[in-house]
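Hi,

Here is the structure I promised to pass on. Have a look at it first, and then read on for what turned up.

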Amino acid sequence: MFLRPISLSFALLLTSAPALAQTAPTPPAVTQTEPRETIEGTLSQERTVIGIPPFATASVQTVAGLRTDSLGRQLADVIAADLERSGLFEPIGPNGVRAITRAEVQAPRFGEWQARGAENVVHGFVDAGSNGSLIVGCYLYDTALGSELVRKGFEIQPADWRRAAHKCADAIYSRLSGEAPFFDSRVAYIAESGPKGNRIKRLAIMDSDGGNHRFITNGQALAISPRFSPDYKKIVYVSYLNNRVRVFIYDVASGTQKLVTESANATFAPRWSPDGTQILYSMAVGGNTDIYRISANGGTPVRLTTAPGIDVGGSFSPDGRKIVFESDRSGSQQLYVMNIDGSNQQRISFGGGRYATPEWSPRGDLIAFTRMGGGEFRIGVMTPSGGGVRMLTNSWQDEAPTWSPNGRVIQFFRTTPGREGKSSLWQVDLTGVNLRRLPTPQDGSDPSWGPVLP
Amino acid sequence: MTIRKSTAMIAAITMLAVGACAKKAPDTLPPAPEGTGTDTGVDTGTGVVPGSQEDFVANVTSDRIFFDFDQYNVDAQDQATLQSQAQWLQRNPAVRVTLEGHADERGTRDYNIALGERRANAAKNYLASLGIDPSRISVISYGKERPAAIGSNEEAWAQNRRAVTVVIGR
């Protein structure tokens, strides 16, 4: 994977498009003096209309089998889809929108976009770079002020063009929402197929928008509960290989895997520490399940829980100092927080029903969970001390939340009841709005959302 | 898969449990040739290989026991079933088994693996209490991954909350 941010300096623009400076039309004078209000720090259901025409190219060239003009349209497509999916934007284009010229990239026709109701407009270019690379640039403008808000440039290998689009969308989203970026990130999950009584479950990975989908395992051994390492180089998951329940670390680059720990007992429910050096897992010994922590490189595991019963799962706080986990020591599944050495175990969930699958937000301020009650599973959030419980979904079975890198969106899987019941991946905003199904080639479960790529 | 708990069978097993040592029906099969190097079994003419899963299922009350929601206690019915399994295991001392623990779909994935472990171990422990060497019994939990009944109703869930004894060889 190769993506290098570059500075879109005047010199670079001259190099890649020498004729630009002379032919660029002068931006129209700003006629509206009233400052436009932007969405700051809060997710609203009011959507910003944003124009996104196809990216321009200085000259149509074919790089690694990709034509720069068709790539220009695809880049705009991905950016528009990202922004639309966030729920904050109503994109105009790239379909049904006139292609802009290379010169227009830095000199938008603001009046034209204002006439279409666009408060903002995204312009960009994709040009052939040196050594088979591509140069992608994107610009965000305020149409009323006639001003440039953001510019980003990237030198990329052609295969990574989607990442350039996600980085552009992230820059636009961050500038207009005040939130941290999240589009340029990846998801590991379980692809499901086959009859309900004998599901084939395969480890699979994809971009946060479902792009670059790839199956990792072939389905011969049941695979469940994957988690991407923070650097995306490894995936920890449970495989039923050889009819045993064991935690493996899969190395994405080499395609090899190794056991997290050698044990005759079942090991499951693995999670990474935020720095990727430690792994939490659960181990059942004689029917009693406890949580252990081990170096990602192996070594001697540290047992963190000793209470009789099922202590399972777990999720590190983003500062790596605490762990939230579930335990039925009180008689039913509830959430507990402890220090990473296992000390000071405190119950935090007290509402009705059973609470499971806690996941600490990357922002640290909330814990997402599955609550079971009344025959339904729902996704909710609470503070790390157990306050402010809010339920975000309402369906038959919504399970296993995972956070977007910026802590504003939660993915989970939804199962439908009955003999033909199936699972699929969904996401919802922290505010409980903007519920959407994620596109996957097969049914899906157990999503695990990783951090923003560097 | 039907849940069948024959009262007559339970009565017979209860007699066995108190030492009456009366089989409900005489074993029509010749004794398995243990330790003779032919322990892959012989064709007895009925097509049932002694010491096989088929032999096991044909000669025990059931290959599985059932649990209440989120529970793992072995009740009287389960004990009777496991007693019949223990007797078969005593007659086939070279056979090893796997106890598969399962849960219904009304629990979260990881918890259900732990719950299936509890159920499989509860069955294993009861068999061990009847004198079966625990080293002959391995356990595995499938959680909610392998339902026996695929409906989403109490009847299906009841069949899925189970521990199944599977002959894995000698």
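Let's start where the two chains meet: 19 residues of chain B are in contact with 32 residues of chain A. On the chain B side, helix 4 (109-129) and strand 3 (137-143) each supply at least two of the residues that touch chain A. Helix 4 of chain B gives the largest share, ten residues. Sorted by class, that side of chain B has eight nonpolar, five polar and six charged residues. Do keep in mind that this is a predicted model.

Now chain A itself. Seven residues of domain 1 of chain A are in contact with eleven residues of domain 2 of chain A. Of the domain 1 side, helix 3 (residues 68-85) of chain A brings the largest share, three residues. The domain 1 side divides into two nonpolar, two polar and three charged residues.

What about the inside? The largest nonpolar core holds 142 residues, and A:Leu75, A:Ile79 and B:Ala123 touch the most other members. Both domain 1 and domain 2 of chain A give residues to this core, so it lies between them. Leaving out residues up to four places away in sequence, A:Ile79 touches A:Ile52, A:Val122, A:Ala165, A:Cys168 and A:Ala169.

Helix 5 (residues 161-177) of chain A is worth a look too. At 1.5 Å a residue, its 17 residues should span 24 Å, and the end C-alpha atoms are 24 Å apart, so the two agree. Helix 5 of chain A is also mostly covered, with 14 of its 17 residues buried. Just after helix 5 of chain A comes A:Gly178, which takes a positive phi of about 80°.

- The peptide bond from A:Gly93 to A:Pro94 is cis, with omega near 5°. A:Pro94 sits in the loop between strand 5 (89-92) and helix 4 (110-115) of chain A.
- A:Tyr232 is not a glycine, yet has a positive phi of about 65°. You'll find A:Tyr232 in the loop between strand 12 (223-228) and strand 13 (234-239) of chain A. With 18 other C-beta atoms within 10 Å, A:Tyr232 is partly exposed.
- A:Ala269, another residue other than glycine, has a positive phi near 55°. A:Ala269 belongs to strand 16 (residues 266-272) of chain A, and is buried, with 28 other C-beta atoms within 10 Å.

Cheers

Notes:
Residues are numbered from 1 along each chain as its sequence is written. Chains are lettered from A and ligands numbered from 1 in the order in which they are written. This is a predicted model: local features need pLDDT of at least 70, side-chain atom pairs count only at pLDDT 80 or more; totals for chains, interfaces and linings use all residues. Helices (H or I, at least four residues) and strands (E, at least two) are DSSP runs, numbered from the N terminus. Ala, Val, Leu, Ile, Met, Phe, Trp, Tyr, Cys and Pro count as nonpolar, Asp, Glu, Lys and Arg as charged, and the others, Gly among them, as polar. The expected span of a helix is 1.5 Å times one less than its number of residues. A residue is buried if 20 or more other C-beta atoms lie within 10 Å of its own, exposed if 12 or fewer, and partly exposed in between; C-beta atoms are placed from the backbone. A nonpolar core is a set of buried Ala, Val, Leu, Ile, Met, Phe, Trp, Tyr and Cys residues joined through C-beta atoms within 7 Å. Domain bounds come from an automatic or database domain assignment.
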